[in-house]
Amino acid sequence: MKERIGYVAWVVGVAQFFVAQGIVESAWVRPAYSWARNNISDLGNVHCGLRTWPESRYICSPEHGLMNGSFIALGVLLVVGFVLTGEAGEAGEAGEAGSGVLWRGGRVAVSAWMLLVSGGAGFVLIGLAPTDVHKGLHVVGAALIMGSGNVGLVLAGFGLADRVPRPLRRVTGLLGVVALLAFGLFLSGHYLGLGMGGMERVAAYPFLFWAAALGVRGCALRAGRTRAAVPEAGAGRARAGAGPSGG
């Protein structure tokens, strides 16, 4: 049950974030919100006005409260998911993974887990400190997400337990590498035609897509095991009731 709640937390957290983002984007009137021109954090800015960093644009987000609340909810649910699925397995004599939920034992797995947790905490921080209210704390939160969180993804490609399919482990590491490269390009102002907001999303969204995919997979596997356990339990009761009759 603890594991299942962790997976659900990831799915719900990411889903509510994108729903809230769509609602808040639609509240912009003039100019329309643009994934290429605007930062994700622009949706949480409290005040209307012209911003010049890192690119010049006019920001006015009437539903900023909803967006900041969504940032906080996302971060909390991500951290809850990592805590509930964070048990590490112990390798046996042959080196196979033990009884851990997602992670194998060892320093790499522990480091990956801690970095990913810090990435989740980054979303809480940017929700509590909008850019135009406390820029310093907001930048720290963004660095935790796109820096620490993405390094955590790279390490997770090596730290996930063997029970996680090898292709998924490889994709995990690849997502982290791509997101880190995008973060570097974003910081250096090289957007490769995607715009400031587009490159930022390439740096920030892989973390969320990975958590959602792992959550959906975990929920599906748990549901399958539950369905399989019900017929087995019924068969066991039937065999118990069909014992030899006395005579």
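Analyst: Here are some questions and answers about the labels used for this structure. It is a predicted model, where local features need pLDDT of at least 70, side-chain atom pairs count only at pLDDT 80 or more, and totals for chains, interfaces and linings use all residues. Residues are numbered from 1 along each chain as its sequence is written, and side-chain values use heavy atoms, leaving out hydrogens and water.

User: OK, what is the order of the elements from the N terminus on?

Analyst: They go α-β-β-α-α-α-α-α, with 6 helices and 2 strands in the protein. Helices are DSSP runs of H or I with at least four residues, strands are runs of E with at least two, and both are numbered from the N terminus.

User: How do you know that the span of helix α3 agrees with its number of residues?

Analyst: Helix α3 covers residues 107–128, which is 22 residues. The expected span is 1.5 Å times one less than the number of residues, so α3 should span 32 Å, and its end C-alpha atoms are 31 Å apart, which agrees.

User: Why is Trp10 called buried?

Analyst: Buried means under 20% relative accessible area, exposed means over 50%, and partly exposed is in between, using a 1.4 Å probe and protein chains only. Trp10 has 0% relative accessibility, so Trp10 counts as buried. Phe82 is buried too, because its relative accessible area is 0%. In the protein, buried residues make up 41% of the 247 residues.

User: What makes Trp10 and Phe82 an edge-to-face pair?

Analyst: Rings of Phe, Tyr and Trp (its six-membered ring) pair if their centres lie within 6.5 Å; planes under 30 degrees apart are stacked, over 60 edge-to-face, and the rest tilted. The count by this rule is 16 aromatic pairs. For Trp10 and Phe82, the centres are 5.0 Å apart and the planes are at 65 degrees, so the pair is edge-to-face. The two residues are 72 apart in the chain, with Trp10 in helix α1 (residues 2–26) and Phe82 in helix α2 (residues 64–84). Both also belong to a cluster linked by ring pairs, which includes Phe123 and Phe207.

User: How do you know that the charged end of Lys135 sits over the ring of Trp53?

Analyst: The rule asks for NZ of Lys or CZ of Arg within 6 Å of the ring centre and within 35 degrees of the ring normal. The charged end of Lys135 is 4.2 Å from the centre of the Trp53 ring, while Arg201 lies over the face of Trp35 at 4.5 Å from the ring centre.

User: What makes a nonpolar core, and which residues have the most contacts inside the largest one?

Analyst: A nonpolar core is a set of buried Ala, Val, Leu, Ile, Met, Phe, Trp, Tyr and Cys residues joined through side-chain atoms within 4.5 Å. The largest has 45 residues, and Leu78, Phe123 and Phe207 have the most contacts inside it. The largest share of this core, 11 residues, comes from α6.

User: Why is Leu192 called exposed?

Analyst: Its relative accessible area is 65%, and the cut-off for exposed is over 50%, so Leu192 is exposed. Leu192 is found in the loop between α5 and α6, and its phi is near 55 degrees, a positive value in a residue other than glycine.

User: Which peptide bond that ends at Pro31 is cis?

Analyst: The one from Arg30, with omega near -15 degrees. The bond from Trp53 to Pro54 is cis as well, with omega near -10 degrees. Most peptide bonds are trans.
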